[in-house]
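Morning, everyone. Let me put the next one up on the screen, and we'll walk through it together.

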Amino acid sequence: MWEACALIFLRIKKKNEETLDSVHNPPTKNHGQISDLAFLIICLQLAPLSVLYIPSQTRRSNQILLHFQHIPPNTPVSSPSLLTDTLKIKMLSAKATCNSHGQDSSYFLGWEEYEKNPYNQLKNPNGIIQMGLAENQLSFDLLESWLKNNPDSAGFKADNHSLFKELALFQDYHGLPAFKNSLAEFMSEIRANKVTFDPKNIVLTAGATSANETLMFCLADPGEAFLLPTPYYPGFDRDLKWRTGAEIVPIHCSSSNSFRITESALKDAYEQAQKQNLKVKGVLVTNPSNPLGTSLSLHELDLLVNFVSSKNIHLISDEIYSGTVFSSPGFVSILEVLKNKGLMNSDVWKRVHIVYSLSKDLGLPGFRVGAIYSNDDMVVSAATKMSSFGLISSQTQYLLSEMLSDKKFTRNYLSENRRRLKQRHEMMEKALQKAGIRCLKGNAGLFSWVDMRHLLSSQTFEGEMELWKKIVYEVGLNISPGSSCHCSEPGWFRVCFANMSKETLVLAMQRLHSFVNSMAKKSKQSRHPQPLNGNPRRSKSLPKWVFSLSFTTPKSGKNRVSCDNKLTTNS
Ligand SMILES: Cc1ncc(COP(=O)(O)O)c(C=O)c1O
């Protein structure tokens, strides 16, 4: 039995109505179109294809969905799988089926490949090692030993009295006051108490994912844009754009200055947005950066404050990795810069918002604990209402309020965690160096930004994909290609080091080393040496999804849905 399926969206349109806008603003009447029934009859004449036609009932009323399938003789026409597949798609909303989620990026595809063949020292020693997951497992023993030493907190008891009922019934979307207090103090401690956080200005969310999306809902209407320095965390396409309809315009940073944000890059991005009729509502940075593993310099922070002040726009600082800064220069929060500049209680003070989460610093991504911190009461109030869609369970809040209010524990945890991250980072960098691979000088995070330009067969994003596939399938390492982070230069990869044991990291580096050696041998034999230190330049041949996820070119900023791939552009 063989089967070839093609799913085709046919747009039967009025004469001279071939504008992209009509995809999003479909005519209410089908003037001048072939009737649905007539079209079905024509389709049914097509042999040897059997055609399943489903009249379009959705807002995209000028589209007709056809599902063509080769069906061997004697097979009933209405094959169940064919029917269900097609019906399933038509039953869903445009938002649910649009692909601005970014699930098709190599960042997520790499995870899928890992899931199919995960490395296990005993059960699957040749499997893929997961180095594409920014997870912090280095200090788990510290958390476990705190739980062991505090059985009452873990058992939801206080003074021998069970808190089970209280916690089970608690449903206030403002969150447990005790948790907000201890989270505020923890965040101050990470910043060496140079800034303090008022628990009243905290909105609790289910992780930084929810915090970022909620802020985007609060600050931008569909079709309005935020500027983001590249490379950036691949999940932002999903978190910032997918459901909000907001757009991301990249601030292109380059290896020539270690991917630092410059004034001209900020200006270029702003102008690019204007050219596309996108109203810029703000800038979003991650400090420290994912994927660079570096914290923002004072100069960059200064530039950002001046830029958002002059343009009268917002600044979101995602500081989810603030507690992972393991070497100098240390971490400086944007709030500290505002404070030092005497800008507290100024206009810009209210337009700067912090995103935080315990997923990285405390290594608890499964607990889904995040927060928005804003000095604008209106943002706090709107975000609190929206937080109903992603609350943190009371049990989790209670347990963590106990843990974070134990100052002795948090101080020790933060310093020990930094020490372990530093050690691990050095270990990986040294091993990469031995294999002739360099990294961007990093001081934070759970990953390194690794330069493999010299291993590319061509200095293009096709070359990067080719190398990435080899590394996933032949070497057995899932790392994240720079293009999945919207990097504008091919050949950079994010490699995580904190989600595995030392032994696994040693093995991963051995595999990579052998691969580099075998490549060098092959290139000697073929007498066509691989280009060393290739010339980094913007390639026009980026994979389609790199730009389709990063921004679209609308005809008009407002009435546009950011879901349709047809509107995407390669710039
Ligand atoms: C910069 C950044 N923001 C947000 C997130 C999402 O974090 P959470 O697990 O708290 O939703 C991540 C996760 O990797 C991240 O790297």
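Secondary structure to start: 21 helices and 18 strands in the protein. Keep in mind that this is a predicted model.

Now the chain as a whole. The protein has 571 residues, and 55% of them are buried. Its accessible surface is about 26,200 Å². Carbon and sulfur atoms account for 54% of that surface.

On to contacts. Take the pairs of residues at least 6 apart in sequence. Of those contacts, 74% join residues at least 24 apart.

Next, the ligand. How many residues surround the ligand? The count is 14. The closest are T209, N290, D318, S357 and R368.

What is the make-up of that shell? Seven residues are polar, four are nonpolar and three are charged.

Which element gives the most to the shell? That's helix α10, residues 207–219, with four residues.

Let's go through some individual distances, all to oxygen atoms of the ligand. Start with T209. An N or O atom in the T209 side chain is 2.5 Å from a ligand oxygen. Then K360. Here an N or O atom of the side chain lies 2.8 Å from a ligand oxygen. And how much of the ligand does the protein bury? Taken alone, the ligand exposes 400 Å², and the protein buries 94% of that.

So, to recap the site: 14 residues around the ligand, with helix α10 giving the most. Over to you for comments.

Definitions and conventions:
Residues numbered from 1 in each chain as written. Predicted model: local features only at pLDDT ≥ 70, side-chain atom pairs only at ≥ 80, totals over all residues. Heavy atoms only, no water. Near = heavy atom within 4 Å. Polar contact = N/O pair within 3.5 Å; in protein donor to acceptor, adjacent residues only side chain to side chain. Areas by Shrake-Rupley, 256 points an atom, 1.4 Å probe, with all protein chains shown as cover. Helix = DSSP H or I, 4+ residues; strand = E, 2+ residues; numbered from the N terminus. Nonpolar A, V, L, I, M, F, W, Y, C, P; charged D, E, K, R; others polar. Buried < 20%, exposed > 50% of the residue type's maximum accessible area, 1.4 Å probe, protein only. Contact = heavy atoms within 4.5 Å.
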